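I opened my notebook for a friendly walk through a new structure. These are my entries, in the order I looked things up.

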Amino acid sequence: TMNHPFEPIYDTNSNVLILGTFPSVKSREHHFYYGHPQNRFWKVISTLTHTKLPQSIEAKKAMLLSHGIAIWDVIQSCDIVGSSDSSITNVIPMDFSRILAQSQVKRIFANGATAAKLYQKYCEQSTGIPIIKLPSTSPANAAFSLEKLLNEWSMITV
């Protein structure tokens, strides 16, 4: 059983929340979200916000917060094999009450189908906010080119 290792990234001005499922092995090694070098999350967000691609954790946090973007994950703890979302069992979901009370979040997006499905199953009733599913930025989602990801993800900045 793994417990989520990171705090959510948000502040009082955050108006969009992007949720993944649970940090990958690489993210846990790097001590921050979307740590796999082939994950396109940071490239997508920096492109959509017209920001230089951040390299440090502090620069990544600053980019998100300066554009009203919060990030976290759906799962507080679970059993998981490696980084495989399909192996996730024994889910204990996050409690989103704190982040929703301390921010302006009105729209929630899922980074991938599994995050959307788990949020709908465990969290949507308590938050009252429906989730909008976006294609995963994971390197495992090879069907989506960076251009297609940018097209789909552009709705987060509207």
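**Entry 1: the core.** I began with the largest nonpolar core, which has 47 residues; Ile 18, Trp 153 and Ile 156 touch the most other members. I noted at once that this is a predicted model. Helix α2 gives the largest share of this core, 5 residues. As a reminder to myself, nonpolar side chains in soluble globular proteins tend to be buried together.

**Entry 2: Ile 18.** Which residues does Ile 18 touch, leaving aside those up to four places away in sequence? I listed Phe 41, Ile 45, Ile 69, Ala 70, Ile 71, Trp 72, Phe 109, Asn 111, Trp 153 and Ile 156. Two of the names there, Phe 41 and Ile 45, came back when I looked up the buried residues of α2.

**Entry 3: helix α2.** I then asked how many residues of α2 are buried. I found 6 of the 8, so the helix is largely enclosed by the rest of the structure. They are Phe 41, Trp 42, Val 44, Ile 45, Ser 46 and Leu 48. I looked for their packing partners and wrote down β2, α3 (57–66), β3 (69–73), β6 (107–111) and α7. After the helix comes His 50, and I marked its positive phi, near 55°.

**Entry 4: aromatic pairs.** I searched the whole structure for aromatic pairs and got 9. Phe 32 and Trp 42 make a stacked one, with 5.8 Å from centre to centre and 15° between the planes. Phe 32 sits in the loop between α1 (25–30) and α2 (41–48), while Trp 42 belongs to α2, so I recorded a link between distant parts of the chain, 10 residues apart. I checked both Phe 32 and Trp 42, and both are buried.

Phe 41 and Trp 153 pair edge-to-face, at 6.0 Å centre to centre and 80° between the planes. Why does this pair tie together parts that are 112 residues apart in sequence? Phe 41 lies in helix α2 and Trp 153 lies in helix α7 (residues 146–153), so the pair joins those parts.

On a separate ring, I saw Lys 148 over the face of Phe 144, at 4.7 Å from the ring centre.

**Entry 5: Ile 9.** I turned to Ile 9, which is in the loop between β1 (2–3) and β2 (16–20). Its relative accessibility is 7%, so I count Ile 9 as buried. How far apart are Ile 9 and Ile 71 in space? Their C-alpha atoms are 5.3 Å apart, although 62 residues separate the two in sequence. Leaving out residues up to four places away, Ile 9 touches Phe 32, Tyr 33, Lys 61, Leu 64, Leu 65, Ile 69, Ala 70 and Ile 71.

**Entry 6: Ser 87.** My last stop was Ser 87, in the loop between β4 (75–79) and β5 (89–93). I followed its side chain to the backbone nitrogen of Val 81, at 2.8 Å. Beyond four places in sequence, Ser 87 touches Asp 79, Ile 80 and Val 81.

Notes:
Residues numbered from 1 in each chain as written. Predicted model: local features only at pLDDT ≥ 70, side-chain atom pairs only at ≥ 80, totals over all residues. Heavy atoms only, no water. Phe/Tyr/Trp six-rings, centres within 6.5 Å; stacked < 30°, edge-to-face > 60°. Helix = DSSP H or I, 4+ residues; strand = E, 2+ residues; numbered from the N terminus. Buried < 20%, exposed > 50% of the residue type's maximum accessible area, 1.4 Å probe, protein only. Lys NZ or Arg CZ within 6 Å of the ring centre and 35° of its normal. Core = buried A, V, L, I, M, F, W, Y, C linked by side-chain atoms within 4.5 Å. Contact = heavy atoms within 4.5 Å. Polar contact = N/O pair within 3.5 Å; in protein donor to acceptor, adjacent residues only side chain to side chain.
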